[in-house]
Amino acid sequence: MNPNLVTMSGDTSVEDAMHLMRERRISSVVVQPAPDEAEGMGIMTQRDVISRVVSATKQPSQVRISEAATRPLITVPEDTSLLDCAERMGAENIRRMVVIDTQGRPIGIISDTDIFASVEQFGLPE
């Protein structure tokens, strides 16, 4: 898991989020709901930006990240095994999940890249 989770307000423009993502060399941000939204947290990935903003010919400066985010946010408890994470990602057809602590607070993110690197380095867990 990557513990360097970046969370942004849903009111943030996609343009500002893109700059931050590039500067920090990350491919996603967790989106807190904007004050006027009833929906819960989401995640905005580079793929979301391409498919929901760029491909739709919308100006990133005019779109809020809450509009580009994928919801609902898929989470896993911090004690979830690597194999269970891989299985869930496959079943949900997603590339990353937010890891939550026992109080339900986001503490990190696990991606398919993390799983790949772990299996490559340490082998498949038994």
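Where is Pro 60 found? Pro 60 lies in the loop that links helix H2 (46-54) to helix H3 (65-68). This is a predicted model, in which local features need pLDDT of at least 70, side-chain atom pairs count only at pLDDT 80 or more, and totals for chains, interfaces and linings use all residues. Residues are numbered from 1 along each chain as its sequence is written, and side-chain values use heavy atoms, with hydrogens and water left out. Helices (H or I, at least four residues) and strands (E, at least two) are DSSP runs, numbered from the N terminus.

**Around Pro 60**
- Leaving aside residues up to four places away in sequence, Pro 60 touches Ser 13, Val 14, Glu 15, Met 18 and Val 53 (contact means heavy atoms within 4.5 Å).

**Helices H4 and H5**
- The axes of H4 (residues 82-92) and H5 (residues 112-122) come within 11 Å and cross at roughly 135°, which makes H4 oblique to H5 (under 35 degrees is roughly parallel, over 145 roughly antiparallel, 65 to 115 roughly perpendicular, and the rest oblique).
- Axes are lines fitted to C-alpha atoms, for helices over the stretch in contact, with angles from 0 to 180 degrees between N-to-C directions.
- Leu 82, Cys 85, Ala 86 and Met 89 of H4 meet Asp 112, Ile 115, Ser 118 and Val 119 of H5.

**Strands E5 and E6**
- Strands E5 (residues 96-100) and E6 (residues 106-111) run antiparallel, joined by five bridges (pairing needs at least two DSSP bridges).
- Val 99 sits opposite Gly 108 in E6.
- The two strands form a hairpin with five residues between them, and Gly 104 in the turn has a positive phi of about 85°.
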